[in-house]
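Q: Can you walk me through a few local features of this one? Keep it short, please.

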There are 2 protein chains.
Amino acid sequence: MSALISQLKDLLGPHGYLEGADAEAKAQSGWSHLGTPPIVLRPASTEEVSKVLTLCHEAGQPIVAWGGLTGLVESANVGHGELALSLERMHAIEEVDEIAGTATVQAGAILQTVQEDIEKHHLILPLDLGARGSATIGGNIATNAGGNRVIRYGMMRDMVLGLEVVLADGTVLSSLGKMIKDNAGYDLKQLFIGSEGTLGVVTRAVLRLRRKPDSQDTAFIAVDEFSKLPKLLDHMDRKLAGTLSAFECLWNDFYRLLTTEPATHTPPLAQDQPYYVLIEAMGAQQEQDTSRFEAALEEAFEKELIVDAVLAKNQSERDKMWAIRDDVGQVAQNWPIFTFDVSLPVKDMEAYVSETKARLTETYPDHTAMIFGHLGDGNLHVIVGVGDDSVQARRGVEACVYEPLRSRGGSVSAEHGVGLEKRPYLLVTRTPEEIATMRAIKKALDPKGILNPGKIFEAQPLKSAAE
Amino acid sequence: MSALISQLKDLLGPHGYLEGADAEAKAQSGWSHLGTPPIVLRPASTEEVSKVLTLCHEAGQPIVAWGGLTGLVESANVGHGELALSLERMHAIEEVDEIAGTATVQAGAILQTVQEDIEKHHLILPLDLGARGSATIGGNIATNAGGNRVIRYGMMRDMVLGLEVVLADGTVLSSLGKMIKDNAGYDLKQLFIGSEGTLGVVTRAVLRLRRKPDSQDTAFIAVDEFSKLPKLLDHMDRKLAGTLSAFECLWNDFYRLLTTEPATHTPPLAQDQPYYVLIEAMGAQQEQDTSRFEAALEEAFEKELIVDAVLAKNQSERDKMWAIRDDVGQVAQNWPIFTFDVSLPVKDMEAYVSETKARLTETYPDHTAMIFGHLGDGNLHVIVGVGDDSVQARRGVEACVYEPLRSRGGSVSAEHGVGLEKRPYLLVTRTPEEIATMRAIKKALDPKGILNPGKIFEAQPLKSAAE
């Protein structure tokens, strides 16, 4: 490997890599340690990425692309003998086209930086998530990031119009079109979105922007029965016609955790209801939209869909409401914890949560289970603490959370991806035929298996695989 | 082939196929003759589709899947020695889940039938297009259909949550999840959407539905300068916050054609402006929404973005406005004609149209060019008549329409697909590397090349291809 590393160093120059303690430090992300790569390569252009991959491909050298390292499923982990490829030097926002409503950005650009730059043009990139300050656009694309506004604007996949990707053998696939519609052959970019860097390395993208809304209405709501949640969503979505942008649900335990000391937030509503919802709409005229929003909530009261509600009267109150929802870090009070991100049909959600809790109670009577999620997307986050973070405990808790998904057609990953962490459970959601097809695609695009090997599915097919 | 055909007939039974004159009649679609398949297979279940493909795969027998045969790019044409596979007997609407907002349907279901069934649930499938009465859901998926509401709801791709597909070798890939979010491995369904039946045969789908809007506002508008069109779109989209559902532009020649005898429509506005726009918004409360819509138009007048406007006061007036836009068949007055469907960045559109017209005028001084399109999507339809439908004339006109796309990063197909018709021009929009990657995917999923061979790209790689 050392000859290859010398070649790569020569290629990229002194700013083009990190070694030793610098590489070590880089591999220490906020949440976890990603391994000990012998070198972290830092190419400054698509051409350099292409040359790096050409050399690695020739040598059969495995390599893992890195964005902001904010992933939650061990998808950026670097195994023994693998190199890391950081896109951090490719962070330019190359163009914002106000007429087309697009931004052309390099993969290493930080989400928040891009968001802020775009807002100056009275446009928005609707993707938003807690890790906005470190997550990169390339990582958002590689993981098909979700977040709080999926209900209105979709996931990252829905915001990518054009994509430039470097394939395993160094081939540059450049398709940086700005059009919403382009049916000229296979839509190849879809393959790279959400495939966690296993099929190619994203270097640039054309993002679809939206007009910046001029009004915003936010409310915290208490609901007394699960069955009313989808009805409330249906009601609000109809009444707010096209402007509903968030419908975030918090189960009682989680709401109490976030609004009780040591957490610093005052509860906006009494803590005695089983469900809380943070609802937001983004529209055009503040006054008209607020009265529409209030009327919709009024009607929800009359229909007995909601028990209580408080509306944000200004930006500061709105910020406080979102600060509650975003203070997910409070779950660390129950450390050690296991974090899950599942999706399933909304009508099955109540039974799913009951079954999961019953399974947990049976094995871990003293467990904590914090549940919240993007109900409109069918997405629940479940955070479980059982006072033990051994592999055995993890497997036990995973069984409780994942098994009840099987019969309900649910997914073990709504938005976080699979990485290494969820790999053992991929068959809960995918059939052997689907996994065999994924392998066939992987083999077609990365025949030597050098790109992020072993993520999503094992690098070598299992003997029992359907392939 | 006759032994295989006997096997297939035995497999599907007497209702399971058409031969001779019946097959011949079936191959005569409204627009064109699709070939003379020796047999049209009509399986009644996914299992039968799987068995058909298994037999064809073993025999290396090429086969072309058929939906409603409303395509415009020769993508359902059946070449010599190829069989046809009609999904027409698989037309059930299996389930509408009101809580999840999904419909599970078989591929052969007619779009309009599905639309009407879903509306009974106070939901909509937002896809809408002129061929709704014969186009099928499977065909809509295989071609990633667009239509009039893409600006708000996206293309067919955005409405597919789950998909069941039969691969070339008979493998059934079944992934009929109902979730908006599912990042558990590669999103395989994206491969089959828009790949024109070359990678698999769609048998069932879970479609994403939306709430049925309770209000509708529609206006016909005249605009005096191209540069005002994107400004008007921006203005209306902001003011109508999330409810703008159509922004259809008609160039003067086309508007005059549609509102002058022998066409039966009365012009809603004088015929003296260069551009006309049909704008529609779909919202929640008719009265409020109408005043918002009127106020937005009022403001557009004040900003001098529009010259004249007429609002539909009731459903009958609305229907009349749409009847104008939908009466595309009037272009047959200029028969023979060539039909194009291009997309490009909006800011380049005026220059593109000028250049295309100049090129046409140079070679065909007496040509007609009717232009209309979905401006918000960057999509133009261009219909050219030069009094000659020879291959030579076609190639000449194609050069005039496609060449100016090259330097502007445009696409030769916004929504119609490639089929055979646009195959010679794929390199205008796609790089050799992209086409080589498409071939690699095709080879991985259909190694014998039996599914709709030769569509999108040549069945055998050209010697000059980058592969």
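What follows is a quick chat about a helix, a strand and a helix pair.

Q: What are the ground rules here?
A: This is a predicted model: local features need pLDDT of at least 70, side-chain atom pairs count only at pLDDT 80 or more, and totals for chains, interfaces and linings use all residues. Residues are numbered from 1 along each chain as its sequence is written, chains are lettered from A and ligands numbered from 1 in the order written, and side-chain values use heavy atoms, without hydrogens and water.

Q: Which residues of helix α1 of chain B are buried?
A: In α1(B), residues 2–12, they are B:Leu4, B:Ile5, B:Leu8 and B:Leu12. Buried means under 20% relative accessible area, exposed over 50%, partly exposed in between (1.4 Å probe, protein chains only). Helices (H or I, at least four residues) and strands (E, at least two) are DSSP runs, numbered from the N terminus.

Q: Why are those on the same side of α1(B)?
A: Because they cover an arc of only 100 degrees around the axis. That arc is taken from the directions from the helix axis to the C-beta atoms.

Q: And what is exposed on the other side of α1(B)?
A: B:Ser2, B:Ala3 and B:Asp10.

Q: What do the buried residues of α1(B) pack against?
A: Four elements of chain B: β1 (17–19), β2 (39–41), α3 (46–59) and β4 (83–86). Contact means heavy atoms within 4.5 Å.

Q: New topic. Is strand β6 of chain A buried or exposed?
A: Mostly covered: five of its five residues, 102–106, are buried. A:Thr102, A:Thr104 and A:Gln106 point one way, and A:Ala103 and A:Val105 the other way.

Q: Which strands are joined to β6(A)?
A: β5(A), residues 93–97, is joined to β6(A) by four bridges. β10(A), residues 201–208, has five bridges to β6(A). Both pairings are antiparallel. Two strands pair if DSSP finds at least two bridges between them.

Q: What sits in the turn between β5(A) and β6(A)?
A: The two strands form a hairpin with four residues between them. A:Gly101 in the turn has a positive phi of about 70 degrees.

Q: Last one. At what angle do α12 and α13 of chain A pack?
A: About 150 degrees, with axes 9 Å apart, for residues 349–363 and 391–406. Axes are lines fitted to C-alpha atoms, for helices over the stretch in contact, and angles run from 0 to 180 degrees between N-to-C directions. α12(A) and α13(A) are therefore roughly antiparallel (over 145 degrees; under 35 is roughly parallel, 65 to 115 roughly perpendicular, the rest oblique).
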